[in-house]
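The structure is shown first.

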2 protein chains.
Amino acid sequence: MPEAPRQDSRTAPTDEELRRLDAHWRAANYLAAGQIYLLANPLLTEPLKPEHIKPRLLGHWGTSPGLNLVHTHLNRVIKNRELDALCVWGPGHGGPSVLANSWLEGSYTEKYPDATRDAPGMELLMRQFSFPGGVPSHVAPEVPGSIHEGGELGYSLAHAYGAALDNPGLLVACVIGDGEAETGPLAGSWHANKFLDPVHDGAVLPVLHLNGYKIANPTVLSRLPEEELDSLLRGYGHEPIHVGGDDPAAVHRAMAHALDTALDRIADAQRAAREEGATERPRWPVIVLRTPKGWTGPAEVDGEPVEGTWRSHQVPLSGVRDNPEHLRQLEDWLRSYRPEELFDADGRPVADVLDCVPEGTRRLGATPHANGGLLLRDLPVPSLDDFAVPVDKPGTTTHEPTRVLGDLLARIMRDTADRRDFRLVGPDETASNRLQAVFEASGKAWQAGTLPVDEDLDRHGRVMEILSEHLCQGWLEGYLLTGRHGLFSCYEAFVHIVDSMVNQHIKWLRTSRRLPWRAPIASLNYLLTSHVWRQDHNGFSHQDPGFVDHILNKSPEAVRVYLPPDANTLLSVADHVLRSRDYVNVVVAGKQPCFDWLSMDEARVHCARGAGAWEWAGTEDGSREPDVVLACAGDVPTQEVLAAAHLLRRHLPDLAVRVVNVVDLARLLPREEHPHGMSDFEYDGLFTTDKPVIFAYHGYPWLIHRLAYRRAGHPQLHVRGYKESGTTTTPFDMVVRNDLDRYRLVMDVIDRVPGLAVRATAVRQRMADARTRHHDWIREHGTDLPEVAEWTWNA
Amino acid sequence: MPEAPRQDSRTAPTDEELRRLDAHWRAANYLAAGQIYLLANPLLTEPLKPEHIKPRLLGHWGTSPGLNLVHTHLNRVIKNRELDALCVWGPGHGGPSVLANSWLEGSYTEKYPDATRDAPGMELLMRQFSFPGGVPSHVAPEVPGSIHEGGELGYSLAHAYGAALDNPGLLVACVIGDGEAETGPLAGSWHANKFLDPVHDGAVLPVLHLNGYKIANPTVLSRLPEEELDSLLRGYGHEPIHVGGDDPAAVHRAMAHALDTALDRIADAQRAAREEGATERPRWPVIVLRTPKGWTGPAEVDGEPVEGTWRSHQVPLSGVRDNPEHLRQLEDWLRSYRPEELFDADGRPVADVLDCVPEGTRRLGATPHANGGLLLRDLPVPSLDDFAVPVDKPGTTTHEPTRVLGDLLARIMRDTADRRDFRLVGPDETASNRLQAVFEASGKAWQAGTLPVDEDLDRHGRVMEILSEHLCQGWLEGYLLTGRHGLFSCYEAFVHIVDSMVNQHIKWLRTSRRLPWRAPIASLNYLLTSHVWRQDHNGFSHQDPGFVDHILNKSPEAVRVYLPPDANTLLSVADHVLRSRDYVNVVVAGKQPCFDWLSMDEARVHCARGAGAWEWAGTEDGSREPDVVLACAGDVPTQEVLAAAHLLRRHLPDLAVRVVNVVDLARLLPREEHPHGMSDFEYDGLFTTDKPVIFAYHGYPWLIHRLAYRRAGHPQLHVRGYKESGTTTTPFDMVVRNDLDRYRLVMDVIDRVPGLAVRATAVRQRMADARTRHHDWIREHGTDLPEVAEWTWNA
């Protein structure tokens, strides 16, 4: 049982303590503004001149003073209470703030030794910000202490909850801007508190920062009557604590009190759950912080109000190099923080400024939770032989691949019961995706009400289900970024809901891979199932295989796509992706009964190669190149290709057919384009340079062309795949509608192998007749042709 | 000023009226269950036998009785109050319910005459459901009265608000399932009531249907303490009305009362705003309806509770053909509705059943608002000459294209001030995207609090801004589907947030285009700006041009992509897309100053062709094919290609260069693949079959290969584009990082034109030197090279 934090109802801070907190805050504000404006003269040791000003003024001032206030006060409570804490900065465009605080506390210099904690380092800090070759303007991976960029907005709270899961000793503060609060994903994330276990998980403390404006508009939440906002937050299951104002001294006092109150309540709730066995869902605190946008910045510029309005969102004073009045205003503004009191003559922060800063890894910029790879342990993936399905003859028996995978995942879930560093997430689909074996090892996390009829709900469960792909993705990202493992199982069509989130995660990985101080984290693994070919019952809206296309547009160093064709290959792929680091792995696999093609040993070899010929399925005699290559990627296309090979073997026995199966899609790319890409030598050996290749692909057919267009054999490549033809129908009708069926593939072979069209007229007609028979049969019976439904490779 | 509906506090329904409402509800339940199970014997005129049962049992029973209840009671109030109403069925998988009601009220038979309102028609209705060649299982476009599929879940409330905008006489009911309510987009949509104008917009009445379970889990909202849920809904700005139970008679009475109360309140609020000038935001009612999942279905099956649990989500009784006990249970269940009381001997619904059904277009399946094309009027697009920028010489002057477009949009906004059938939506970016001229014609819709410092907020505004791409998209979809016009302006990178939503809209369009009774609607138009090449200030997270790839995966009949290279071409494209029907049009255009290349007349011709050579920019003499083609698509690539052409003209004057600009990306596709595709004859004439083509493209380079891989000249096609290399830097550094810059393009030409490498060694070195100079300069100055910043075509 994790230890509960000590309750610690501090007396209010003394005036002296408040004065020092204000000094820290002013120092951070000064550094934030300085980063936006200054190239030189960082301490204002001389009057400000145009040449001290950056030629391009870029950065977001508006949110920075509020973020600085939160940072200063978090420092105080972390130090006072000896907390392990992490903060997710939702308004990640407030990069100047988080950079300023990291530099003040010293964690920045530890990562970037050139940015010393003195005048030259301060000048570098300011100069590099938003400067070519310098640092980005947002809280990007380059920023110590961050797991969240905040560029796209919407995911801060989900990330915070993900970070808190299975970290019972961690406080995760989360600043939510009132702009971000308008997004759907953020609005949906509030209910994550129904999934937070006060025993095994840490606490999330949302700080809803209402500074009133977005880029150009007031924000919705800031313009609600206070009782309506209060009602909303109580409805979300929180106990709100309101702080607000524009007088720094009063706000410091109120914020210190609010944080003490919130942390006392958190300690109470955790103690009740951990020591007294309380099971009622706590009303977790939320702090509502109302301060002016661009607080302490210029009140008016050119006669227009700026502080407290949207005009301070980015750069309150523009054209400073050329506008002497603006230059003067900037100097007045910067000097209003009294830098001479905050930094000594060498530019070092004075003791008063640093008084609130905690030590070592308690500093927000130095917590290992924000560099999760440091905490990561290898996942105990068991031997696959314990889960493999026996395959004596290919294409004879069937298994549901995801159900077989479920047994493996259940073992991992069981083997991590004490470590608690593995979670499965999914939008209400774990059982629908046939992974329910995991429930034998862990129930579903649930802190809301229960009824006797419920099954598998578990206060301490590690399977996370909510009907929100956004929340599933956000939880898992937060969990992985803080050094744990997981898998997201999702209906294939609806994973597009998180297209933009995975974009941002891949961008994060691509950048963090290049930072030597960021340790590799576990890969983000998707299991896409209930896929396009077996959504015949839900129809057209549930049929979309395009996520793979989306992923393969991204940085090749960080993305992998696998289409295992049966149960054992799925096990092999799962083993690989669960052990991997710093990737986004997309695994597409079916949940419906599927022929077993490869034994476990064969599957291992095949998956290691990523693509290869299945000699047993073809009719080559080895004496010459084949007449045609039948290639496939995906479980249903593999079945149709094998059935087509079967038909060819029977009807055109002297045709030399090679069957190639592709598991790892990036193998098709040139080696120069992707680390998994085949050399031309390998590719040409497998696919030939001039023979027809009929490729049955799981998704949109042109993806295969886009991967293979540089290959010598590309003009002979003919791809079948999903072409947006779907409805509620039978499984085989789905492939017929999209011309991916066995009969069509045989016709494609006949049409494309030189000379065959004439020789095989009768066979071709037979295939066309079978398609006609299919059409008539399903309209009459509503089921697939018996000859299709009962087909096996060994028949 | 639109008329307010009459308040009409009806007395409670009589027992007789309730009995008839129950008869309607039972009839709908009977027909819904029958659709899932029956092939024949629709009236149970003989004992149920296995051969009456479908071989594949597909459909969602769980939500259907609740939807039927809502439908029955909406019928009552529509009839009693003579309302124009539309209902958005969030649980769209409850197709059996909406189909049943449409058949009962006769609107189904009007669209599908074979499905007569008698026994043969009933048999057809049941048989066709989820049957190959029949109708889909969801509330798809095939279903009369629907504007919402509900397959993906999350968008019902946004669609409902979109439908209500500028429809002051319309009531839009919206059933929100408690599963859907967990999604982010739905959670964010509740705040849409801060944008609903009680004067010019209609009313939205959300019905939150808590049946307690999703596929396999309880729902979060159903398991909150009632006061917490109540607080949440009040926080959303609603006044909740709670209805619940499992005794039909009691629920009928309560539901009738709840709807009367809600509609009275709506009438009060509208009257206060319309007749008394009230400006306070109304607390709109919401109905919370708690009824058991699978209500009236089998209570237990095989010893497990089913009614009231997740087990009734889809098909409560499985294997009915082969399981006599299940067959018996099914028969008992169906007979429990007493079909003999509901339908006459010929299968016609009896008078009692139809008593509540309104007449004509007041029927929910017959409202023209759900077939918006019927109501659509042409948008008054003014003459472009009023807005064109003068272009005497190409590449001399600059304009911000989106600002020029803003003037056109402002005119349209002004010219639709009375009609109110045009809206602009965007996530807080209208001004950031330089479209602020529209505010002269209409402010921003806003019903929350205001402050004196606010600008352009307008209770009656038709510009919709909220920081939620989901809500923007949902509003616009709802608005278009009900027969109006609009445009969504969005940062290019973040439009991926709605990837999945646009998928579903395209699927809707593709299907509805094939239904003769569905009239064409206005296209969904995106203006993607603040694009990848000019997000140098926000950095890597804001750089993603992949939406175009996503769109071009979809049904070619419904998607169009345009990349106008300057202000006048943007006007021409805008004119085209705003007049078009049934497409999703994606327009990518910059907001930063951009060279004017074409006069308005030239722009019209060029855009009509979609792609063409710019003779003035090349150095061909017409006597032979060019040595090289420099192609471009997008504003920044066009500028770089023109600058490269300029350099080639100066340094290699005898090289015959052709400059080709592509506006309409689908022109590159083969004609067989897309209606806009060029024939090979056209393509080869423009791009040659064997000369090097250096193609500078706005987005991911491989997209161009995927479009052009079938062309004869494809082996000579070399594409430059965005390859995920970005950060906070200068605009020109962005193109250099991605090898899209003018110097690199000249080097590409030298490397690829046969024989040129030797002859042009010095020129190539000069280009390489310029790139080195660039690197040094930006690190020193933080700005672009003066020779780049000051370049013009005519220098």
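**Burial of helix H6 in chain B**

A residue is counted as buried if 20 or more other C-beta atoms lie within 10 Å of its own. The model to which this criterion is applied is a predicted one. Helix H6 of chain B, residues 156-164, is mostly covered, with 9 of its 9 residues buried. These are Ser156(B), Leu157(B), Ala158(B), His159(B), Ala160(B), Tyr161(B), Gly162(B), Ala163(B) and Ala164(B).

The buried residues of H6(B) pack against strands S1 (84-89), S2 (170-177) and S3 (203-210) and against helices H7 and H14, which belong to chain B. After H6(B) comes Asp166(B), whose phi is positive, near 60°.

**Interface and symmetry**

In the contact between the chains, 98 residues of chain B meet 98 residues of chain A. The elements of chain B that give two or more residues to this side are helices H7 (184-189), H8 (226-235), H14 (469-481), H15 (499-513), H16 (547-552), H21 (702-708) and H25 (761-781). By class, the side of chain B that touches chain A has 32 nonpolar, 41 polar and 25 charged residues.

Chain B is superposed on chain A by a rotation of 180° with 0.0 Å of shift along the axis, at an RMSD of 0.0 Å. The two copies are therefore related as by a two-fold rotation axis. The same surface serves both copies, since 100% of the contact residues of chain B recur in chain A.

**Packing of H1 and H2 in chain A**

How do the axes of helix H1 and helix H2 of chain A cross? The axes of H1(A), residues 15-37, and H2(A), residues 64-81, come within 9 Å and cross at roughly 140°. This angle makes H1(A) oblique to H2(A). The crossing of H1(A) past H2(A) is right-handed.

On the H1(A) side, the contact residues include Leu21(A), Trp25(A) and Ala32(A); among those they meet in H2(A) are Pro65(A), Leu69(A) and Arg76(A). The residues of this contact divide into 6 nonpolar, 8 polar and 1 charged.

Most residues other than glycine have a negative phi. Glu82(A), although not a glycine, has a positive phi of about 55°. Glu82(A) lies in the loop between H2 and strand S1 (84-89) of chain A. With 13 other C-beta atoms within 10 Å, Glu82(A) is partly exposed.

Thr688(B) also has a positive phi, near 70°. Its place is in the loop between helix H20 (680-687) and strand S21 (693-697) of chain B. Thr688(B) counts as partly exposed because it has 19 C-beta neighbours inside 10 Å.

Terms used
Residues numbered from 1 in each chain as written. Chains lettered and ligands numbered in written order. Predicted model: local features only at pLDDT ≥ 70, side-chain atom pairs only at ≥ 80, totals over all residues. Contact = placed C-beta atoms within 7 Å. Helix = DSSP H or I, 4+ residues; strand = E, 2+ residues; numbered from the N terminus. Nonpolar A, V, L, I, M, F, W, Y, C, P; charged D, E, K, R; others polar. Least-squares fit on C-alpha atoms with pLDDT ≥ 70 in both. Buried ≥ 20, exposed ≤ 12 C-beta atoms within 10 Å, placed from the backbone. Axes fitted to C-alpha atoms, helices over the stretch in contact; angles between N-to-C directions. Parallel < 35°, antiparallel > 145°, perpendicular 65-115°, else oblique. Left-handed = near helix turned anticlockwise from the far one by under 90°.
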